[in-house]
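Reader: Please show me the model. Then I will ask about helices, strands and contacts.

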Amino acid sequence: MKRIIKLLRLYTALFIGKLAIYVCRIAGSGGTSFPGRIAMKIYPEILRTIGSGYRIIMITGTNGKTTTARIIEQILRENHIKYVANKSGANLVSGLVTTLISDVRLKGTPSSPTALLEVDEAAFKVASKYVHPAVLVVTNFFRDQLDRYGELFSAVESVKEGILNSPDTTLVLNGDDSLCASLGRDVKNPVIYYGMDNIPGFEEENGINLNNDASYCLFCKNKYEYLYRTYSHLGSYKCPGCGFQRPEPLVHISRVPAMTGEFTTAVINTPSGNFEANINLPGFYNIYNALAAVTFAEVLGFSHDKTVKALACFESGFGRMESIPVDDKNIQVILIKNPTGLSQVLKYLSTVDRPFVICFMINDNTADGTDISWLYDVDFEPLKNMQNMIRRIFASGIRAEDMAVRLKYAGIFTDNIVIEKNNPAMLDAALNTLNAGETLFILPTYTALLDIRKLLKKRFDLKNFWQ
Amino acid sequence: MYEISICHLYPDLLNLYGDYGNIQALIRRLEWRGINVQVHPVSIGDPFSPDSYDIVFIGGGQNYEQDILHKDLLKQKKKPLTEAVENGTVFLCICGGYQLMGKYYKLSSGTEIECLGAMNHWTIGYEKRLTGNLVFKIEGLKQQSDSLVVGFENHSGKTYLGDGVTPLGKVVYGYGNNGEDGYEGARYKNVFCSYSHGSLLPKNPALTDELITLALKRKYRDFVSLQPLNDKIEAMARENMIKRLIRS
């Protein structure tokens, strides 16, 4: 009898969950977390029960989760593997449940046997109590929303705890990040590291390193010695105290023959051979995301041909360097979440070879981080040095004025900064400032992205963000 | 030509919530007035000479970083830093830096961590963090009629002030020192301590100018006052938050 009641509850949870997804979509909102939340209320073990039928691939880390997931998605597609993914970026447990409910049949069996899930660092620990991924990819750890997480290391510890719950999961770790690599120490899991070689011209100058997230050894607190840095605290580090050092990466990039505003060419070395690939997304940090995805492909034994094909054609995620052509002009939307991410975006902008307009959209809602002082952890020097390329800078969002102050103290000419909190007015003014062939870069925080995406969708007929 | 020398203490370790913004605000506001400015990073193993600097800045860090510098701070820097405080050097100490200037920090586990003891205040750690926007009033803040300062706080320690130390201001919105007595920050001689980052100085130019004025007056007998600047954007940012937090 108990069993029947349990089953009834499960079916009810699935039915209500599916219904909620359906209703939300009809109503035009994503409904990417809410249906999962209701289903968990009805049947708290739902993630364990329906999750057990899937081969799960999880991606966590501070930056690059979504982009890495989009590349892996394309790799799965090229290899004709049927999968379901949380494309909307709803990466808390309720989002994972919603994704699986949308795929699972009403009797609880999967219709796509592979689930590709990006997971929030803290949510991974919770999810690992119910499901264990076959593969976990960890991208990196940077300071991010400390108002929510408290301290940086609590994110690392959360993921570590989740890994201890999942001893059979294969770990794909960024070996160039000491925090990320630390996860592979003293665990029973199979571990594979990826990294970048010392590539001339890419080494980060040793200026004032504002992002001192991991200058000192996590294990013994001695200062790391670096052979080279790629960006922020990523690079080839070694602790002179306890000897903890960058692990030899099994998959690594040895050369970057080309890097343009549209794509990057990289030579990737794997145990099964070396190959050259075009990564269909600009920006140095995206090389790491591609590398994470390639390492995943290596773990699953996919052919290089298909991986190369996937890298050349994957579609970047919602708001991740998403390009929108507008007549003879272009809009590119790049989500900004934390200092390292924004610093890397500014570095990318410094490679753009035509004049452009930037719009920063800074909100301070819970999902953005209520503390905006992270804007002062960003190195704005690149922006200051390319002022002749910038037609105008717009500051928008709830904290538009604070963004303008930040720019002023970075040494940007205030005459060139416009505060415009009305999105349609900002968009019109910004597009009017551009000449043909030029780009408006919109850099929103998370909830500002949702706002601007809605406006852009209405004006230019874009896809829904959960698609 | 006037010149100001700034010491940034442990910049590689105490730089948590945009602390560098405070240094940047000092640099810019000095430069905009044609005053020379030099910033000296002083970290573990570097000597700190008590007479070399006009302004000393200490930012915040996580427990992990504060652990790393603890020995250097107490063994190498305690004496000269205390001397600099006593001889009237201008200090700005934010969050963790504020706590380090006091007598001790008692962890929620009960362990007491010795601090510099340059000032008579102490901090007790709690599980629950005091996090959120912060508005407080500094009486006598020149050039700003409402005397309101805007920032953001994020600390798990509650700080209490002893004799000889006065609060920097009165909390108007938020928690401040401990969420109990309604005070925020601490003042002793020319030391300014606050839990407010955000960053504090860029968006509160009146406070920045107060620090600069104190430093210049102490160094140059002929110095009278600072040339006013156009602070329209800063005022808008402050107004925006004050309106949202207090007048809504």
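Author: Helices (H or I, at least four residues) and strands (E, at least two) are DSSP runs, numbered from the N terminus. This is a predicted model: local features need pLDDT of at least 70, side-chain atom pairs count only at pLDDT 80 or more, and totals for chains, interfaces and linings use all residues. Residues are numbered from 1 along each chain as its sequence is written, with chains lettered from A and ligands numbered from 1 in the order in which they are written.

Reader: Where is Asn178(B) found, and does it count as buried or exposed?

Author: Asn178(B) is in the loop between strand S9 (169–173) and strand S10 (183–184) of chain B. A residue is buried if 20 or more other C-beta atoms, placed from the backbone, lie within 10 Å of its own, exposed if 12 or fewer, and partly exposed in between. Asn178(B) has 21 C-beta neighbours inside 10 Å, so it counts as buried.

Reader: Leaving aside neighbours within four places in sequence, which residues is Asn178(B) in contact with?

Author: Two residues are in contact if their C-beta atoms, placed from the backbone, lie within 7 Å. With those neighbours left aside, the partners of Asn178(B) are Lys158(B), Thr159(B) and Tyr160(B).

Reader: In S12(B), what is the bridge partner of Leu92(B)?

Author: Strand S4 (residues 90–94) and strand S12 (residues 191–194) of chain B pair in the parallel sense, over four bridges. For Leu92(B), the partner in S12(B) is Phe192(B).

Reader: How are H4(A) and H10(A) oriented to each other?

Author: Axes are lines fitted to C-alpha atoms, for helices over the stretch in contact, and angles run from 0 to 180 degrees between N-to-C directions. The axes of H4 (residues 65–78) and H10 (residues 284–299) of chain A come within 9 Å and cross at roughly 40°. Angles under 35 degrees count as roughly parallel, over 145 as roughly antiparallel, 65 to 115 as roughly perpendicular and the rest as oblique. H4(A) and H10(A) are therefore oblique.

Reader: How many residues does the contact between the chains take from chain B and from chain A?

Author: On the side of chain B, H1, helix H2 (63–86) and strand S7 (121–137) are among the elements that each supply at least two residues. The contact takes 29 residues from chain B and, from chain A, 25.

Notes: Two strands pair if DSSP finds at least two bridges between them.
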